[in-house]
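Student: Hi! I have a structure open and would like to talk it through. Could you help me find my way around?

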Amino acid sequence: MQSIYAMHQNDSDNLEKEEKFLFQSIENIRDLYLILLSALVELRNSEEDFIEKSSKKHLATPQERNPNRKFINNKVLLLLDENNSLSIALADRKINNWKLNDDYILILLDAIKKSEVYAKYMHNRENNFEEDRDFIAELYTEVIAPDEKLYEYLEDYKLTWVDDIPLVNTLIAKQLKMIKPDGNFFVPRLYKDEDDKDFVRALFRKTVLNEVELAKEFIDKTPNWDTERIAEVDAIILKMAICEFLKFPSIPVKVTINEYLEIAKEYSTPKSSIFINGILDNLIKDYQNNNKLVKTGRGLM
């Protein structure tokens with residue numbers, strides 16, 4: 001939707017260029033995931049370095065000589081630090097953001113140490129996997145993910161990440177809660193399979209190449225609305241939904257409607273989802289009456 005909107009705003013008709021940018025934006029989601037996940041490893045390493053330097057000071061305090069090493073001995077953080085899947089992915093994508101911007105790690109570390117989550121966890125010095133896992137999951141959800149400085153850094157680094165951050169944070173939080181002592185952690189694939197990637201390309205191309213025809217499908221259903229009065233984002237959402245109705249027989253109607261209503265709520269005007277829902281409902285009835293809606297498989301209506 002955003003890629004099609006960008007084409008409209010730029011008056012671009014270069015389909016190959018815009019499609020390339022679309023796929024690059026999707027690839028960047030993986031980089032965002034790796035950057036956020038690697039922050040956990042860098043936080044641990046930074047704290048370990050701090051503890052080691054403090055213990056070697058000439059006038060080190062008793063606490064500095066015998067520090068609480070529970071955080072740096074956290075079993076989940078150590079598991080991530082030694083995880084082959086993560087190490088390989090970071091190397092392949094050349095992710096070294098925190099080496100170049102370690103000041104953000106120090107800012108995050110300071111926020112962590114001031115948090116109640118950290119204070120509760122560090123109350124004793126013993127590590128056990130379940131507690132370590134629960135702590136890291138809570139720490140990520142309650143302290144790291146909401147951190148404003150981290151958000152500002154990510155936004156400045158790549159503007160397209162603004163919409164991807166909630167998705168990636170949700171995935172990481174889910175993975176952290178499910179991680180097991182046997183080191184079962186893995187970096188997920190960007191696409192479920194090739195069909196998944198092909199769908200992205202097909203939906204983009206079929207919507208862009210058939211925009212005029214797709215617009216005609218709903219213009220007649222909005223007699224009280226001039227074309228210019230329909231918000232551009234709403235028009236794009238309608239075109240994409242209709243494209244799925246008519247050109248993607250394996251996608252259930254309800255799935256299409258629900259997905260695009262959620263997009264409308266997120267990106268368009270407050271009343272857009274009601275407007276779009278009304279039009280799509282009327283279209284479905286017409287398509288069914290005229291046998292224009294052809295869906296294959298079970299439970300697709």
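This is a predicted model: local features need pLDDT of at least 70, side-chain atom pairs count only at pLDDT 80 or more; totals for chains, interfaces and linings use all residues.

Student: Good to know. How many salt bridges are there?

Tutor: The count comes to 17 salt bridges.

Student: Why do such pairs form at all?

Tutor: Side chains of opposite charge can pair when their charged atoms come close.

Student: Okay, let's take Glu42. Which residue does it form a salt bridge with?

Tutor: Glu42 pairs with Lys99, and their closest N and O atoms are 3.5 Å apart. The two sit in distant parts of the chain, 57 residues apart: Glu42 belongs to helix H2, while Lys99 belongs to helix H6, residues 97-100.

Student: And Glu42, is that buried or exposed?

Tutor: Glu42 counts as buried, because its relative accessibility is 17% and the cut-off for buried is under 20%.

Student: Where does helix H2 run, by the way?

Tutor: Helix H2, where you find Arg44, covers residues 15-55.

Student: How accessible are Glu48 and Arg44?

Tutor: Glu48 counts as partly exposed at 26% relative accessibility. Arg44 is buried, with a relative accessible area of 5%.

Student: What does Arg44 touch, then?

Tutor: Leaving out residues up to four places away in sequence, Arg44 touches Phe71, Ile72, Leu77, Leu78 and Asp81.

Student: What about Asp49, which residue does that one meet?

Tutor: The side chain of Asp49 meets that of Lys53 in a salt bridge, at 3.2 Å from N to O. These two are also four residues apart in helix H2, so they are separated by about one helical turn. Asp49 is partly exposed, with a relative accessible area of 39%, and Lys53 counts as exposed at 55%.

Student: New topic: charge on the surface. Which residues gather in a negative patch?

Tutor: That patch of negative charge is made by Glu130, Asp134, Glu138 and Glu142. To find Glu142, look in helix H9, residues 129-144.

Student: Got it. Now something about the leucines. Where is Leu86?

Tutor: Leu86 lies in helix H5, residues 84-92. Leu86 is buried, with a relative accessible area of 1%.

Student: What is Leu86 in contact with?

Tutor: Setting aside neighbours within four places in sequence, Leu86 is in contact with Leu34, Leu37, Val41, Leu80 and Val187. Val187 is 101 residues from Leu86 along the chain, and their C-alpha atoms are separated by 6.0 Å.

Student: Nice! And Leu261, where do I find that?

Tutor: Look in helix H15, residues 253-267, for Leu261. Leu261 is buried too, with a relative accessible area of 14%. Not counting residues up to four places away in sequence, Leu261 touches Ser273, Ile276 and Asn277.

Student: How far apart are the C-alpha atoms of Leu261 and Ile274?

Tutor: Those C-alpha atoms are separated by 8.2 Å, and the two residues are 13 residues apart along the chain.

Student: Where is Asp11?

Tutor: Asp11 is in the loop between helix H1 (2-9) and H2, and at 71% relative accessibility it counts as exposed.

Student: And what is the phi of Asn291?

Tutor: The phi of Asn291 is near 55°, a positive value in a residue other than glycine. You will find Asn291 in the segment after helix H16 (272-289), and it counts as exposed at 67% relative accessibility.

Student: Thanks, I'll go and look for these on my screen!

Notes:
Residues are numbered from 1 along each chain as its sequence is written. Side-chain values use heavy atoms; hydrogens and water are left out. Contact means heavy atoms within 4.5 Å. Patches are made of residues with over 30% relative accessible area and no salt bridge: like charges are joined within 9 Å, nonpolar side chains (Val, Leu, Ile, Met, Phe, Trp, Tyr) within 5 Å. Accessible areas come from the Shrake-Rupley method with a 1.4 Å probe; for residues, only the protein chains shown count as cover. A salt bridge is a side-chain nitrogen of Lys or Arg within 4 Å of a carboxyl oxygen of Asp or Glu. Lys and Arg count as positive and Asp and Glu as negative; His and the chain ends are not counted. The place of a charge is taken as NZ of Lys, CZ of Arg, CG of Asp or CD of Glu. Buried means under 20% relative accessible area, exposed over 50%, partly exposed in between (1.4 Å probe, protein chains only).
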